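Colleague: I am new to this structure and would like to learn how to read its features one by one. Could we go through them together, with the general idea and then the case here?

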Amino acid sequence: MFFVLSKIFHFFTFPGVWILLFIMLSYFFTNKKWKKWFFRTGVVLALFFTNTFIFKEFVRLWETEGIRTEDISYHDVAIVLGGMAEYNNDLERLSLRRGGDRIWQTLLLYHQGKVGKVLLAGDEGYVVDRGLNEALRFREELIKLKVRPEDILIDSLSKNTYENAVNSVKVLEQYGLKKGKIVLVTSAVHMKRARACFRLQGVEVTPYSTDHYTGPGRSYHWDEYILPSFSTLLDWYALTHEWFGYIAYSVAGYL
């Protein structure tokens, strides 16, 4: 039930929905004062959430800072969280999202001898089955990319971050790796919530964050200060999803 409700609530964490709601309300209200207020508020929200500079300053406060590959020591297992891809049923192949950097960075860690095993965590985060089976499909792809089958562990049951932690720990216990050195690989904006979920399960991980929106330095182009960007509005979706997700997980006792 929590999973289904979270997916419904997820829709309303998108700032684009808030903007549309205020603009629509400005047309429904007959009172001129309220019409103007709702419309102007909608416009202000649109300008705010499409400004790249503002977004990056906010996301900078939430993202977990990255670690250079050469600076990370050897770990027994890398847990890479799902939500990286969609499945193209027509072409019968995976199609990576922005989060696909998770699997790419994990491959680099493995082939550079930084991790001994890879635990692929997660099935698909959809309410209705779309045939993704992400962990199992990525296992096939990793084998093609020269990862030894015996080095690939699977959690093919999880549908959200909390389940990722619960089921991954069960896999670690099965292989006697819970007490080993573990590196957690997920998106920088997702790491805070993910790490807290694993900590609740009694597992402390080394965070290895990927697909950052920002870095240590502030280097902006002039257009990021003044030109509205629809892609920035979509980027806000990832950040607000994490904010509300962290609150919901806290209330549910998942952190």
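Colleague: Leaving aside neighbours within four places in sequence, which residues is T52 in contact with?

Modeller: Contact means that heavy atoms lie within 4.5 Å, and by that reading T52, once its neighbours within four places in sequence are left aside, is in contact with E224, S229 and T232. With T232 there is also a polar contact between the two side chains, at 2.8 Å; the term stands for a pair of N or O atoms within 3.5 Å, where within protein one must be able to donate a hydrogen and the other to accept it, and where residues adjacent in sequence count only if both atoms are side-chain atoms. This is a predicted model, in which local features need pLDDT of at least 70 and side-chain atom pairs count only at pLDDT 80 or more, while totals for chains, interfaces and linings use all residues. Residues are numbered from 1 along each chain as its sequence is written, and side-chain values use heavy atoms, with hydrogens and water left out.

Colleague: Is T52 buried or exposed?

Modeller: Buried means under 20% relative accessible area, exposed over 50%, and partly exposed in between, with a 1.4 Å probe and protein chains only; T52 counts as buried because its relative accessible area is 11%.

Colleague: Which helix does T52 lie in, and what covers the buried residues of that helix?

Modeller: Helices are DSSP runs of H or I with at least four residues, strands are runs of E with at least two, and both are numbered from the N terminus. T52 belongs to α4, which covers residues 52-62, and N51 caps the N-terminal end of this helix, with a side-chain oxygen 3.1 Å from the backbone nitrogen of F53. The buried residues of α4 are T52, F55, K56, E57, V59, R60 and W62, and their cover includes α8 (191-200), α9 (222-226) and α10 (230-252).

Colleague: How should I read a salt bridge, and which residue does R193 form one with?

Modeller: A salt bridge is a side-chain nitrogen of Lys or Arg within 4 Å of a carboxyl oxygen of Asp or Glu, and the count here comes to 14. R193 forms one with E242, the closest N and O atoms being 2.8 Å apart. This pair links distant parts of the chain, since R193 is in helix α8 and E242 in helix α10, 49 residues apart. Both R193 and E242 are buried.

Colleague: Which residues are linked in a network of salt bridges?

Modeller: K117, R148, E150 and D151 are linked in such a network.
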